Amino acid sequence: MDQSTLYLDYNATSPLRADAKAAMDACGLLPYNASSQHGFGRRAKHLLEEARASVARLLRLPARGPGSRYVLFVGSGTEANNLFLRGCTTGKKIITSSIEHPSVLTTSKSIDPNCIILPVTADGVVDLAALQRVLGSLTSDPVVSVMLANNESGVIQPVAELAKIVRAAWPNAIIHTDAVQAVGRIDVDMEALGVDALTLSSHKMGGPLGAAALVIRKDLVITPSTTGGGQEQRLRAGTENVPAIVGFGTVAHAPSDVSHLAALRDRLESALSDTATVYGQHATRLPQTSLLGMPDVKNETQLIHFDLHHLAVSAGSACSSGKVDASPVLLAMGIDAEEAATAIRVSLGPDTTAAEVDAFIAAWQQLYHTTQDAA
Ligand code: PLP
């Protein structure tokens with residue numbers, strides 16, 4: 001990999017934005033412990049509160065008053081999902097979906113091996129009719145965690161509708177959405193979604209690694225994930241990572257312009273319409289994610305080919321051995337394992353250009369025609 005490699009894997013992580021880096025550099029060498037009583041500590045606290053306010057504004061939350069929420073800073077989206085699920089599900093039935101990120105799905109299963117996992121439709125949308133049935137079989141208020149946008153297919157989930165259905169049946173249910181892939185790409189209004197808790201992560205939106213947030217209703221009772229100092233509402237003790245949070249706040253304050261990405265994604269998908277299967281095509285999707293299948297060509301083969309062409313894309317999923325696995329999201333959508341193993345994910349970002357998309361299209365077509373000719 002070198003600087004000439006074209007990056008089309010923004011759902012994995014995004015390059016650090018220059019303004020975020022500059023804001024981080026500005027605090028990097030200073031002794032910024034936000035709990036300290038002296039001037040440096042007060043400055044650090046001020047920076048943290050500014051970042052908190054930026055995250056709240058990004059989610060269209062009021063700074064104070066009845067609609068305001070706590071923005072809790074943590075180290076990653078994974079940690080935020082764990083803090084929520086491990087912190088407020090005790091004794092409650094967990095309802096989640098088959099397409100969640102492992103930080104929700106694996107965690108839910110480990111807390112409650114009998115948690116309820118909702119199926120999805122062939123287009124990758126959580127099945128609300130199945131949810132209705134499940135709600136009717138419960139005996140107490142559940143905790144529901146369903147993502148806002150899927151990391152592999154980009155399919156946007158009907159979270160606001162889901163929240164209404166859940167509350168109609170169980171008014172005191174606790175509802176969480178993992179919005180890691182959605183925030184910064186589509187408008188996210190937490191109040192309008194009707195959720196009690198929401199996860200977002202800095203590095204998916206041009207901020208640094210090492211900062212994320214769990215945003216919660218103020219009266220939500222959560223067990224701390226770490227105890228010690230009183231940081232983050234006593235729910236996540238440990239000195240805050242001020243530089244990373246400042247970088248996160250910078251991108252939350254002024255999210256990248258992504259208005260051109262839907263047109264680029266459409267350019268990509270229409271150029272490949274004869275040679276690719278586009279998964280989730282008929283559902284509402286993020287403007288910059290395409291999950292593409294190349295018939296009969298394993299995604300491992302495709303990844304090697306694109307790598308040789310200096311194009312960074314990914315398989316929907318990679319297991320810990322580094323070997324490419326069939327995407328669990330596609331399996332949940334009813335695609336068989338053999339076909340699922342032909343899928344790769346292309347995810348665009350604010351800096352993606354038409355020339356980069358065209359380079360991908362050319363490399364795709366070359367591989368497709370080579371393999372067709374060989375068959
Ligand atoms: N949730 C979703 C939907 C994701 O796509 C990811 C990361 O890819 C995460 C959670 C985890 O976020 P993080 O990488 O910040 O731990």
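This is a predicted model: local features need pLDDT of at least 70, side-chain atom pairs count only at pLDDT 80 or more; totals for chains, interfaces and linings use all residues.
**Close-up views of the ligand site and a helix pair**

View 1. Ser201 places a polar side-chain atom 2.7 Å from an oxygen atom of the ligand, and for an N or O atom in the side chain of Lys204 the distance to a ligand oxygen atom is 2.6 Å. On its own the ligand has 390 Å² of accessible area (Shrake-Rupley method, 1.4 Å probe), and the protein covers 88% of this area.

**View 2. The shell around the ligand.** Around the ligand there are 14 residues, of which Thr78, Asp178, Gln181, Ser201 and Lys204 come nearest; a residue is near if one of its heavy atoms lies within 4 Å. By class, the shell holds 2 nonpolar, 10 polar and 2 charged residues, where Gly is counted as polar and Asp, Glu, Lys and Arg as charged. Helix H3 (residues 77-88) gives the most to this shell, with 3 residues; helices are DSSP runs (H or I) of at least four residues, numbered from the N terminus.

**View 3. Packing of H2 against H9.** Helix H2 (residues 39-58) and helix H9 (residues 242-253) pack at an angle of about 35 degrees, with their axes 8 Å apart; axes are lines fitted to C-alpha atoms over the stretch in contact, and angles run from 0 to 180 degrees between N-to-C directions. Residues in contact (heavy atoms within 4.5 Å) include Leu47 and Leu48 in H2 and Ile245 and Phe248 in H9. This contact has 11 nonpolar, 3 polar and 1 charged residues.

Residues are numbered from 1 along each chain as its sequence is written, and side-chain values use heavy atoms, leaving out hydrogens and water. Local features need pLDDT of at least 70 and side-chain atom pairs count only at pLDDT 80 or more, while totals for chains, interfaces and linings use all residues.

Definitions and conventions. Helices (H or I, at least four residues) and strands (E, at least two) are DSSP runs, numbered from the N terminus. A polar contact is a pair of N or O atoms within 3.5 Å; within protein, one must be able to donate a hydrogen and the other to accept it, and residues adjacent in sequence count only if both atoms are side-chain atoms.
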